[in-house]
Amino acid sequence: MNKSRWIMALVASLMMAPSFANDVTVTVTNEEKVQRQEVVEIDLYAVYKLLGINVGQPIVVKNALGQEVAYQISYDGKILVDVAVRPCGSAALTISSGTPRAMKTFVTGRMYPERVDDIAWENDRTAYRIYGPALQKSGERAFGVDVWVKNTPDLEVEKRYVTELTNHPKIGALKAAGKKEEALAMEEATTYHFDHGYGLDCYKVGPSLGGGAPALMDGDKLILPYCYKDYKILDNGPLRFTVQVSYHPTAINGDANVVEHRIISLDKGSNFNKCTVWYDGLTKAANLAMGVVVHQEDLESMILGEDMVLYADPTDNPAAQNFQIYVGVLFPNGVKTTKTVMDKEVLNGIAGHAVGIAAYQPGEKYTYYFGSAWSKNDVRTMNEWKLRAEETINALHTPLTITMK
């Protein structure tokens, strides 16, 4: 090849080569007159296209001060970043190619085969669990979402399980040996049903929706789900946990094999989980209820709004605990009504449920939010809980806007 042809080929190759950006500037804008702090979703593929690099290559995210911040690549193609945005203001992020530093984990979860297949997860505010196949085989009736309260941003669930399960055999041995006082002392010192300064498990679920599970209805009756059958963890920190679960087939309104599926996700800093539910095998429209169990105590501490149900739960021992667990379900996509569905017989203190009822069509996916707070942590009163719920609904209706260049 002569020199002129070589130069022409070089120019042509340069013209055809993709342009590589040094970085991408992301602007997050808050159009509301309130401070916003939340995890935002940035289009993963758009960022990589602007950077001119292959999807999957490591990236670094920095704030306006030039500090590296934690991020997460979600299973559904988003870059997740926790941002603070002033009222009617904006926040700038810079994304560039590079190897990020180690990131602190704020949200995590897993399945615990050592504890009858619980799936438990937590963020910096609270923790939750749903029950699995091993519990169902035992015959114990625990259907809904369990709530574990905490008053620390640190991750607690793993430590609680280790402490609880490590000491179970020791406590049992002491009881078998007739050393009841020693057994009680060890139990009080180690069980996660007592508060040792970081929170505890004192929420009463039983055969109910617990703190936010869904259920199809047969007339006025809730067809309560049992324990999950299959699961897949889709995201696991540092900023979001997501799990997909499926349940055993059940009969509903003439359909013999209706299978419930849920995708549940929890973000850093949020009091509410996002839950998307759908059903296979359903051939006719049905009412879908989503809500919380209510007990004989504190029934007056209940709010039935157009787009939310809230309740101040008295815990499993109201007289001794003397605090409340605030639970609630939000319906940003609307429901037909919110109401109480009360049991004819009060069993295990369960008076019934506070629910929102949506008209569900076969094949659709319905999204709602369920969550909790603790009166010894970040939400001290029912009035504060109502405000937190209203602000969350407003934020869902007016999302932060994202632009990139």
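The legends below describe close-up views of a predicted model.

View 1. An α-helix has 3.6 residues a turn, so residues three or four places apart point the same way.

View 2. The N-terminal end of α2 is capped by Asp 43, which places a side-chain oxygen 3.0 Å from the backbone nitrogen of Tyr 45. After α2 comes Gly 52, a residue whose phi is positive, near 75°.

View 3. The model contains 13 aromatic pairs, and one of them is formed by Phe 323 and Trp 374, whose ring centres are 5.4 Å apart and whose planes stand at 80°, an edge-to-face arrangement. Phe 323 belongs to the loop between α6 (318-321) and β22 (325-330), while Trp 374 belongs to strand β25 (residues 366-374), so the pair ties together parts that are 51 residues apart in sequence. Because buried means under 20% relative accessible area, Phe 323 counts as buried at 8% relative accessibility, and Trp 374 counts as buried at 1%.

**View 4. Lysine side chains over aromatic rings.** Lys 268 lies over the face of Phe 106, at a distance of 4.8 Å from the ring centre. In a second example, the ring of Trp 278 has the charged end of Lys 365 sitting over it, 4.3 Å from the ring's centre.

**View 5. The buried residue Glu 260 and its surroundings.** Glu 260 lies in strand β17, which covers residues 255-267, and is buried, with a relative accessible area of 6%. The side chain of Glu 260 makes a polar contact of 2.5 Å with the side chain of Arg 262, and another of 3.0 Å with the side chain of Tyr 279. When residues up to four places away in sequence are not counted, the residues that Glu 260 touches include Pro 214, Pro 225, Val 245, Tyr 247 and Trp 278.

**View 6. The nonpolar cores.** The largest nonpolar core has 69 residues, and those with the most contacts inside this core are Ile 119, Trp 121, Met 290, Tyr 366, Tyr 368 and Phe 370. Strand β19 (residues 286-295) contributes the largest share of this core, namely seven residues. Leaving aside neighbours within four places in sequence, Met 290 is in contact with a set of residues including Ala 213, Val 329, Phe 331, Ala 354, Tyr 366 and Tyr 368. Apart from this core lies another, of 21 residues, among them Ile 42, Val 61, Ile 79 and Ile 95.

Definitions and conventions
Residues numbered from 1 in each chain as written. Predicted model: local features only at pLDDT ≥ 70, side-chain atom pairs only at ≥ 80, totals over all residues. Heavy atoms only, no water. Polar contact = N/O pair within 3.5 Å; in protein donor to acceptor, adjacent residues only side chain to side chain. Helix = DSSP H or I, 4+ residues; strand = E, 2+ residues; numbered from the N terminus. Phe/Tyr/Trp six-rings, centres within 6.5 Å; stacked < 30°, edge-to-face > 60°. Buried < 20%, exposed > 50% of the residue type's maximum accessible area, 1.4 Å probe, protein only. Lys NZ or Arg CZ within 6 Å of the ring centre and 35° of its normal. Contact = heavy atoms within 4.5 Å. Core = buried A, V, L, I, M, F, W, Y, C linked by side-chain atoms within 4.5 Å.
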